[in-house]
Amino acid sequence: MQLPRYPYKTNAAFLDYEFISEGPKGSIKKVIRFTQIDNAVFNLGFGDLDEETGEISDAIVTNNNDSRIVLATVAAAVHDFTVNYPNAVVIAKGSTHSRTRLYRMGITNHWKEISADFEVYGLKDADWELFAERRDYEAFLIHRK
Amino acid sequence: MSTTAKHKAGTKNKKAFAVIDNNVGNYEKHPFFIKKANAAKALLKAVGLPKQLAKAK
């Protein structure tokens, strides 16, 4: 999968990732962290880093007109993380319903490539089900096949 | 071997796209990510894992 994405960096642990979003609102540093929350389960966290205050937020609407590139960069980080932690299960949930829907649209748009390498589950009415296109989900689980 | 190390076994034949840079921060203890992880833990506690994955884990 070679979608346009930002160059991004990680540290030796492959748990933390950084990249810069570029657009009409300027350069915005984005950070991604895979946090272990259970034996093999990691939470995918993602937000904007304010380098002056050190605060990270996912509540800001950046409006940098690059959401597809940002999403593709996050997807690439998931790829890298699961290459290094092939048994990991990644849980992802947007900070709002519309952001979770954006994840769903990203998965749907690239389902052929994603489904070749990953099993994806969607959370619907408190139950996990295998991901299906055009279904609205509250969260996602991703696991390398 | 730690759990994290166990996850890293058997990964030598696949390629990462990222540039490895030790200046990238470690955000493990950042309150933002702690809060997100706790929310995810609570969600998992409530709904569990899919049966297929729970068996494998």
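Thr10(A) stands opposite Ile20(B), a residue of β1(B). The strands involved, β1 of chain A (residues 8-10) and β1(B), pair in the parallel sense over two bridges; strands pair if DSSP finds at least two bridges between them. Helices (H or I, at least four residues) and strands (E, at least two) are DSSP runs, numbered from the N terminus. The model is predicted: local features need pLDDT of at least 70, side-chain atom pairs count only at pLDDT 80 or more, and totals for chains, interfaces and linings use all residues. Residues are numbered from 1 along each chain as its sequence is written, and chains are lettered from A in the order in which they are written.

Across the interface, 33 residues of chain B are in contact (C-beta atoms, placed from the backbone, within 7 Å) with 42 residues of chain A. On the side of chain B that touches chain A, α1 (3-7), β1 (19-20) and α2 (31-47) each supply at least two residues. Of these elements, α2(B) gives the most, with nine residues.

Helix α2 of chain B also supplies at least two residues of the largest nonpolar core, a set of 46 residues. Such a core consists of buried Ala, Val, Leu, Ile, Met, Phe, Trp, Tyr and Cys residues joined through C-beta atoms within 7 Å, buried meaning that 20 or more other C-beta atoms lie within 10 Å of a residue's own. α1(A) gives the most to this core, with nine residues. Val78(A) is among the residues that touch the most other members. Leaving aside neighbours within four places in sequence, Val78(A) is in contact with Leu44(A), Val90(A) and Ile142(A).

Methods:
Contact = placed C-beta atoms within 7 Å. Buried ≥ 20, exposed ≤ 12 C-beta atoms within 10 Å, placed from the backbone.
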